[in-house]
Structure formats: C-alpha cells, structure tokens
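Biologist: I would like to learn how to read helix packing, pockets and a few backbone details in a model. Could you take me through them one at a time?

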Amino acid sequence: MEISTDAELKKIGLELMFLTPEKCSRSEGISAVELAKLLDIPLETVKKKLKILLEREIIRVYGINPKLWKFDEYQFQKMDEEDEVYKLLCNFDDVDFDRYFSYN
C-alpha cells in the first residue's frame, strides 16, 4: 500500500501524536496491544505501522515487555516536509479532532 493513502498508518500516527496520559496505562506511552484495541485495528497491522513510524524516527519505543510507544514531537518537526509520512500526518482534511480533544 502506498504511504500517502494509508488510512491505518494515519490513524495510528495521529493517535500517537495527540495521545493524552488518560489514554495510556503508563506515562512512558502506549503498548501496541492498547493501541490496537483503542483503534480497533488488528495487532499485526499496528505493529507494521509502528515500524514505519519508528523508521522515520517520529516515535520512540520504551521498554521491552511490553514495548511502549510515544510520539516524538521534536523529531517530527525536523522531518522533511516532502516526506510521505509527514504529508500524511499533516493532512487534516478528514480528521475529526473531537476524537483527540474535549472542548469543555
């Protein structure tokens, strides 16, 4: 699948980008299992997409069992603006921000 149209990669990337401490069981980040349940995406798919984000160095991994994943805002800001993953995560045309934020 081409990265520029990868809806699952976008869901996972944005979920990590806007992850709040309330959605995680640990402050270091979220496990792949928790992420898969939260987004209703198969675990193997989540792991493949996390690998893509890790290769781009925009997420960090902590621990071994379980591995905890966290978005790296600093590395994301340093990304090449022409990178396909950067473009995918910055395209907010079809994003429902109510999923990530509560406006009370």
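This is a predicted model: local features need pLDDT of at least 70, side-chain atom pairs count only at pLDDT 80 or more; totals for chains, interfaces and linings use all residues.

Biologist: Let us start with helices. At what angle do α1 and α2 pack, and how far apart are their axes?

Modeller: Two packed helices are described by the angle between their axes and the distance between the axes. Helices here are DSSP runs of H or I with at least four residues, strands are E runs of at least two, and both are numbered from the N terminus. Axes are lines fitted to C-alpha atoms, for helices over the stretch in contact, and angles run from 0 to 180 degrees between N-to-C directions. In this model, α1 and α2 (residues 32-39) pack at about 110 degrees, and their axes are 11 Å apart.

Biologist: Which word describes that angle?

Modeller: Angles under 35 degrees count as roughly parallel, over 145 as roughly antiparallel, 65 to 115 as roughly perpendicular and the rest as oblique. α1 and α2 are therefore roughly perpendicular to each other.

Biologist: Is the crossing of α1 and α2 left-handed or right-handed?

Modeller: A crossing is left-handed if the near helix is turned anticlockwise from the far one by less than a right angle, and right-handed if clockwise. α1 passes α2 in a right-handed crossing.

Biologist: Which residues of α1 and α2 meet?

Modeller: Contact means heavy atoms within 4.5 Å. On the α1 side there are Lys11, Ile12, Glu15 and Leu16, and they meet Leu35, Leu38 and Leu39 in α2. By class, that contact has five nonpolar, no polar and two charged residues. Ala, Val, Leu, Ile, Met, Phe, Trp, Tyr, Cys and Pro count as nonpolar, Asp, Glu, Lys and Arg as charged, and the others, Gly among them, as polar.

Biologist: How do α2 and α3 cross?

Modeller: The axes of α2 and α3 (residues 43-55) come within 9 Å and cross at roughly 115 degrees. α2 and α3 are therefore roughly perpendicular to each other, and the crossing is right-handed. Ala32, Val33, Leu35 and Ala36 of α2 make the contact with Leu43, Val46, Lys47 and Leu50 of α3. Its residues divide into seven nonpolar, no polar and one charged.

Biologist: And at what angle do the axes of α1 and α3 cross?

Modeller: They cross at roughly 70 degrees and come within 10 Å. The crossing of α1 and α3 is right-handed. In α1, Glu8, Leu9, Ile12, Gly13 and Leu16 meet Thr45, Val46, Lys49, Leu50, Ile52 and Leu53 in α3. Here the count is seven nonpolar, two polar and two charged.

Biologist: Now the pockets. What is the volume of the largest pocket?

Modeller: On a 1 Å grid over the protein atoms alone, a pocket is an open set of points where a 1.4 Å probe fits, with protein on both sides within 12 Å along at least five of seven lines; lining residues have an atom within 4 Å of a point. Grid points are joined across faces, edges and corners, and a volume is the space filled by probe spheres set on the points. The largest pocket has a volume of about 240 Å³. It has 15 lining residues, of which Lys10, Lys11, Leu14, Asp94 and Val95 are the closest to its centre. α1 (7-17) gives the most to this lining, with four residues. The lining of the largest pocket has five nonpolar, three polar and seven charged residues.

Biologist: Which residues line the second largest pocket?

Modeller: Among them are Leu16, Met17, Pro21, Cys24, Arg26, Lys70 and Phe71. The second largest pocket has a volume of about 170 Å³, and α1 and β3 (68-71) each supply at least two residues of its lining.

Biologist: Where is the cis peptide bond?

Modeller: The bond from asparagine 65 to proline 66 is cis, with omega near 5 degrees. Proline 66 lies in the loop between β2 (59-62) and β3.

Biologist: What is the phi of aspartate 40?

Modeller: Aspartate 40 has a positive phi of about 55 degrees although it is not a glycine, and its place is in the loop between α2 and α3.

How values were computed
Residues are numbered from 1 along each chain as its sequence is written. Side-chain values use heavy atoms; hydrogens and water are left out.
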